[in-house]
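Please look through the model shown here before reading on.

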Amino acid sequence: DMDKPTYLKFLVSNAAAGSVIGKGGSMITDFQKDSGARIQLSRNQEYYPGTADRIIMISGKIDDVLKAMDLILNKLLSEIQSEDGDDADQRSKVRLVVPNNCCGAIIGKSGATIKSFIEDSQAGIKISPQDNNYIGLTDRVVTLTGSFEEQMRAIDLILSKLTEDSLYMQSMNAPLSYPGVLFAGIHRVPYAYVHPPVGTATYNANYGPNGVGARYPSNKEDRGNSLTIGVADEHIGVVVGRGGRNILEISQASGARIKISDRGDFMSGTSNRKVTITGSLRAIRTAEAMINQKVASVSER
C-alpha cells in the first residue's frame, strides 16, 4: 500500500547535516517540497549514541519518503565525489537506524530475507550487533554499501518490509535524540606499550632469607605500560573525588599514575574523557578495576 504513512531514520555527519539543511534552511525546504515528505533532523550536538553523527528522519507516504531519500542521498554522494578524499568510501555508506525489535523482520528465517534483499539490490547490507555499552539504546544501525542505485533499491526493499511491521510503526514518534540512553561501559583502548616492552624487565635477584626470588619484576623496570580508557563525562567527578581524594586513593592503592584529560578533551566520537593509567601491568589492572567500581556505583543509581 503506497499511501501508507511510514518513516526512515539514518545517520549523517555534522557536515552532511549542514548541506542537507542548506543556507537558511533552503535545501531542506526544497527537498520537502519536491518529495512531499517531511524531513526532520536531530539538533546540533544531538548525536546517535557512540558516534558524532546526527539523525535525519523522513516521514510521509512510502513513495514520498523514498523520493526524499533519493534527493538527499544524491546530493550527499555528489558532494563526496567532488571532494574525492580517502574516506569517500567510508562516507558513501548509508546507515539506517532501525529499532532492535524490527531487525528480525529484515533478517528473516535463517537470514532468508536479508539474503534475498542483497541478491535483489546487489548492495551490501550489514546489521550491527546490539551495543551493550549503552543502557536504554533500543536501536541498531543497518549499513548499506554499493552504488547509489544499489543502495536506493536496498532502502526500498527494507522500508517496504518495515512498513508492514506494526512494531516499526509504533516507534514512529520516538524522539530523535537519545536523552534516556546512558553510557555504561568503559571504552578500552588496547594497551599501548611504551618503552620498555614487556618481557625485557630485569628480575630482582635479591634472594630472601629462605632463598625465594622475587616473582614480580622490580617496579623500577616495569613502569612502561599505559592504558587509556574513556569514562563518561558525568562520571569523572566520582573518579576524581572531593578535592582529588578518590584518584589519590586509587593511585596509592594500585601504584599506578592516573591522568585525566581536560574538560572537553574526549575520546574521538564520544563524550568520554580520557583516563590514562601508567605503571606496571598489575598496577594498571588494579587501578582500572577500582575506576570501574566507582563508575558502576554511580551509574546504577
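Helices (H or I, at least four residues) and strands (E, at least two) are DSSP runs, numbered from the N terminus. The model is predicted, so local features need pLDDT of at least 70 and side-chain atom pairs count only at pLDDT 80 or more, while totals for chains, interfaces and linings use all residues. Residues are numbered from 1 along each chain as its sequence is written, and side-chain values use heavy atoms, with hydrogens and water left out.

The protein chain contains 11 helices and 13 strands. Of its 301 residues, 42% are buried, where buried means under 20% relative accessible area, exposed over 50%, and partly exposed in between (1.4 Å probe, protein chains only). The accessible surface of the chain is about 16400 Å², and carbon and sulfur atoms hold 49% of that surface. These areas come from the Shrake-Rupley method with a 1.4 Å probe; for residues, only the protein chains shown count as cover. Contact means heavy atoms within 4.5 Å. Among the contacts in the chain with a separation of 6 or more, 70% join residues 24 or more positions apart.

Two packed helices are described by the angle between their axes and the distance between the axes. For helix α1 (residues 14-21) and helix α2 (residues 26-35), the angle is about 65 degrees and the axes are 5 Å apart. Here the axes are lines fitted to C-alpha atoms, for helices over the stretch in contact, and angles run from 0 to 180 degrees between N-to-C directions. Helix α1 contributes Ser19, Val20 and Ile21 to the contact, and helix α2 contributes Ser26, Met27, Ile28 and Phe31. Sorted by class, the contact of α1 with α2 has 5 nonpolar residues, 2 polar residues and no charged ones. In this sorting, Ala, Val, Leu, Ile, Met, Phe, Trp, Tyr, Cys and Pro count as nonpolar, Asp, Glu, Lys and Arg as charged, and the others, Gly among them, as polar.

The interior comes next. In soluble globular proteins, nonpolar side chains tend to be buried together. A nonpolar core is a set of buried Ala, Val, Leu, Ile, Met, Phe, Trp, Tyr and Cys residues joined through side-chain atoms within 4.5 Å. The largest such core has 57 residues, and Ile58, Leu96, Leu144, Ile155 and Ile158 touch the most other members. Helix α3 (residues 62-83) supplies the largest share of this core, 10 residues. A second, separate core has 18 residues, including Val239, Ile277, Ala283 and Ile291. Leucine 144 is in contact with Lys93, Val94, Leu96, Gly124, Ile125, Gln151, Ala154, Ile155 and Ile158, leaving aside neighbours within four places in sequence.

Helix α11 (residues 281-299) has 19 residues. From its first C-alpha to its last, α11 reaches 27 Å, close to the 27 Å expected at 1.5 Å a residue; the expected span is 1.5 Å times one less than the number of residues. Its buried residues are Leu281, Ala283, Ile284, Ala287, Glu288, Met290, Ile291, Val295 and Ser299. Arginine 282 is also found in α11, but counts as exposed because its relative accessibility is 51%.

Now to some single residues. Isoleucine 229 is buried, with a relative accessible area of 0%. Beyond residues up to four places away in sequence, valine 181 touches Pro49, Tyr134, Ile135, Gly136 and Leu137.

Most residues other than glycine have a negative phi, and most peptide bonds are trans. Serine 110 has a positive phi, near 50 degrees. This serine 110 lies in the loop between α5 (103-107) and α6 (112-121) and is exposed at 68% relative accessibility. Glutamine 122 also has a positive phi, near 65 degrees. The loop between α6 and β5 (124-127) holds glutamine 122, which is exposed at 54% relative accessibility.
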